Amino acid sequence: MWQEERQQKIRSLLAAYGQVSIDRIVDDFGVSRETIRRDLMEMEMAGELRRVRGGAVPVTREDTTFGVRITLRLQEKRAICAAALGYLESGQTIFMDAGSTSSTMAEALAGPSGLSNLTILTNSIDVASQLTERAGELSRGTRVILLAGNVKQDPMETFGEATINDIQRYRADIALLAPWGVDATMGAMNYFLHGAEIARAMVRNSGRTIILADHSKVGVVSRSVFCETGEMAHLITDAKARQKPGFDALAAAVEGLVVAGE
């Protein structure tokens with residue numbers, strides 16, 4: 001069995017059972033324990049799981065802090081966000097959720113190629129901070145609105161009923177959202193229920209939805225769906241996604257699938 005096929009099965013087992021043992025993988029796949037150990041080591045280095053004695057468990061918020069997650073696959077995230085700029089226009093109102101890819105998107109919007117006169121509606125304190133104009137800087141006319149709600153860390157974000165209610169007050173041109181996983185059948189998903197609720201409300205209150213997902217998210221099933229494939233105007237990913245078993249099905253399901261750099 002090819003390495004990527006093995007790793008995809010490992011992801012599916014982790015999503016279904018919350019853990020996976022080396023013995024089970026060896027029995028299921030018919031390969032050596034050393035081969036599976038190498039697979040788990042590679043997936044751990046990519047931030048996809050945490051190895052434990054005898055197997056592996058999913059990465060949780062406690063396992064990988066936001067400060068670490070924002071550095072993972074950064075080159076791919078920056079390529080995705082640069083491509084996303086091409087689907088935005090100055091003067092638009094944009095919803096953005098919280099997460100490492102959203103923070104990278106904020107970096108792109110604040111950079112030399114960024115747009116002007118945007119209204120950014122976000123529950124991410126990091127996104128709001130990056131896009132808030134500072135005294136002495138050349139103004140682009142960007143307006144940033146931090147959505148109401150309780151505040152939690154890692155990443156710093158607002159959440160809860162007040163956040164959902166605040167989202168309902170606005171109508172955005174675009175929702176720029178970053179999932180934990182995206183699957184041709186299920187759509188875009190978030191592991192955390194509060195994050196899925198926020199993203200789902202943003203989708204419902206936007207004219208179009210653009211999903212930003214690096215290759216590690218392709219074909220991955222998580223806990224809560226917030227955007228079906230038919231609701232995606234665009235799904236932007238990176239070139240490594242083509243190697244994923246779920247890529248072809250996604251390309252067939254999402255007419256606006258874009259591979260950054262191609």
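User: Which residue takes a positive phi in the hairpin of S2 and S3?

Analyst: Glycine 54 does, with phi near 85 degrees, and the hairpin has two residues between its strands. This is a predicted model, in which local features need pLDDT of at least 70 and side-chain atom pairs count only at pLDDT 80 or more, while totals for chains, interfaces and linings use all residues. Residues are numbered from 1 along each chain as its sequence is written, and side-chain values use heavy atoms, with hydrogens and water left out.

User: In which sense do strand S2 and strand S3 pair, and over how many bridges?

Analyst: Strands of a sheet pair through backbone hydrogen bonds, either parallel or antiparallel. Here S2 (residues 49-52) and S3 (residues 55-58) are antiparallel, with four bridges; pairing requires at least two DSSP bridges. Strands (E, at least two residues) and helices (H or I, at least four) are DSSP runs numbered from the N terminus. Arginine 50 has valine 57 of S3 as its bridge partner.

User: What is the order of the three strands in the open sheet with S1?

Analyst: The order is S1-S3-S2, with antiparallel pairing. S1 (20-21) and S2 are the edge strands, each pairing on one side only. S1 joins S3 over two antiparallel bridges, and valine 20 stands opposite alanine 56 in S3.

User: At what angle do the axes of helix H1 and helix H2 cross?

Analyst: Two packed helices are described by the angle between their axes and the distance between the axes. The axes of H1 (residues 3-17) and H2 (residues 22-29) cross at roughly 130 degrees and come within 12 Å. H1 is therefore oblique to H2. Axes are lines fitted to C-alpha atoms, for helices over the stretch in contact, with angles from 0 to 180 degrees between N-to-C directions; under 35 is roughly parallel, over 145 roughly antiparallel, 65 to 115 roughly perpendicular and the rest oblique.

User: Which residues of H1 meet H2?

Analyst: Arg6, Lys9, Ile10, Leu13 and Tyr17 in H1 meet Arg24, Ile25 and Phe29 in H2 (contact: heavy atoms within 4.5 Å).

User: Which strands are the edges of the sheet that holds S10 and S13?

Analyst: The sheet is open and antiparallel, in the order S10-S11-S13. S10 (181-183) and S13 (224-227) are its edge strands, each pairing on one side only. The twist from one strand to the next averages 40 degrees. S11 (residues 187-190) and S13 share three antiparallel bridges, and asparagine 190 stands opposite serine 224 in S13.

User: Where does helix H9 lie?

Analyst: H9 (residues 193-204) lies across S11 and S13, at about 20 degrees to S13.
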